[in-house]
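Here is a short report on one protein chain. Keep the sequence and the coordinates open while reading.

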Amino acid sequence: MDPARISLRPFKLSDADDFFSWAKDERVTHYLRWNPIPSREEALKYLKEVAIPHPWRRSICLDDRSIGYVSIRTESGSDHHLGRIGYAVGSEYWNQGIVTVALRMAVSSMFEEIQYLVRVEALVEEENKGSQRVLEKVGFQKEGFLRKYVFNKGKIRDMFIYSFLSSDKIM
């Protein structure tokens, strides 16, 4: 995959069809906190109410077509230096290095754009080996195993926690 074809940009309403094409896929949303989007109308609503107003949510684009997302949610108050990263990409784009390229771009951008940000964390379910590999390729450090840490889709799940600091080097 030519990395020059991959970009990050804010979502647009015109992304509704592309967004819906991957956001409806149970394989894509399996590890996410949100369920598959059931219709184009719901996809448009999600873009309007969640993705576009989000302070740092970007569309992962291939040739400027939305194929996934990456977002950072920063904490508030005395923990505002801390952020949590989340991401997904359409299943037809798995195992092509796209997410690795997109996360490298995102990590670089988010530390520039959110200057008070010092630490970004990623929580990954134990069986999500693909996501673990992506984070490690980018330079995230595996810090530990969190037993029965997250309740998601009816189950309490074990998670690995990864971190990337503003002083770390992107790999």
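## Ground rules

Contact means heavy atoms within 4.5 Å. The model is predicted: local features need pLDDT of at least 70, side-chain atom pairs count only at pLDDT 80 or more, and totals for chains, interfaces and linings use all residues. Residues are numbered from 1 along each chain as its sequence is written, and side-chain values use heavy atoms, with hydrogens and water left out.

Helices (H or I, at least four residues) and strands (E, at least two) are DSSP runs, numbered from the N terminus. Buried means under 20% relative accessible area, exposed over 50%, and partly exposed in between (1.4 Å probe, protein chains only).

## Val101

Val101 sits in helix α4. It is buried, at 18% relative accessible area. Leaving out residues up to four places away in sequence, Val101 touches Pro3 and Ile6. Val138 is 37 residues from Val101 in sequence, yet the C-alpha to C-alpha separation is 8.2 Å.

## The sheet

Seven strands make an open, mixed sheet, ordered β1-β2-β3-β4-β5-β7-β6. Two strands pair if DSSP finds at least two bridges between them. The edges belong to β1 (6-10) and β6 (141-152); each has a single partner strand, so one side of each lacks a neighbour in the sheet. On average, neighbouring strands are turned by 30° against each other, direction ignored. Axes here are lines fitted to C-alpha atoms, for helices over the stretch in contact, and angles run from 0 to 180 degrees between N-to-C directions.

β5 (residues 119-125) and β7 (residues 155-165) pair in the antiparallel sense, over seven bridges. Val120 has Phe164 of β7 as its bridge partner. Helix α4 (residues 98-113) packs on the sheet, where it touches β1, β2 (57-62), β3 (65-74), β4 (82-89), β5 and β7. The direction of α4 makes about 45° with that of β1.

## Two cores

A nonpolar core is a set of buried Ala, Val, Leu, Ile, Met, Phe, Trp, Tyr and Cys residues joined through side-chain atoms within 4.5 Å. The largest core has 33 residues, and Val70, Ile85, Leu103 and Phe140 touch the most other members. At least two residues each come from β1, β2, β3, β4, α4, β5, α5 (129-138) and β7. Helix α4 gives the largest share, nine residues.

Which residues does Ile85 contact, leaving aside neighbours within four places in sequence? They are Val70, Ser71, Ile72, Leu103, Met110, Val120, Glu121, Ala122 and Phe140. A second, separate core has 16 residues, including Phe11, Phe19, Ala43 and Ala88.

## Helices α1 and α3

α1 (residues 16-23) and α3 (residues 40-51) pack at about 110°, axes 9 Å apart. The two are therefore roughly perpendicular (65 to 115 degrees; under 35 is roughly parallel, over 145 roughly antiparallel, the rest oblique). Ala16, Asp17, Phe19 and Phe20 of α1 meet Arg40, Ala43, Leu44, Tyr46 and Leu47 of α3.

α1 is mostly covered, with six of its eight residues buried. These are Ala16, Asp18, Phe19, Phe20, Trp22 and Ala23. They pack against α2 (26-29), α3 and β3.

## Positive phi in loops

Asn95 is in the loop between β4 and α4. Its phi is near 60°, a positive value in a residue other than glycine. Asn95 is exposed, at 76% relative accessible area.

Lys153 is in the loop between β6 and β7. Its phi is also positive, about 55°, although Lys153 is not a glycine. At 30% relative accessibility, Lys153 is partly exposed.
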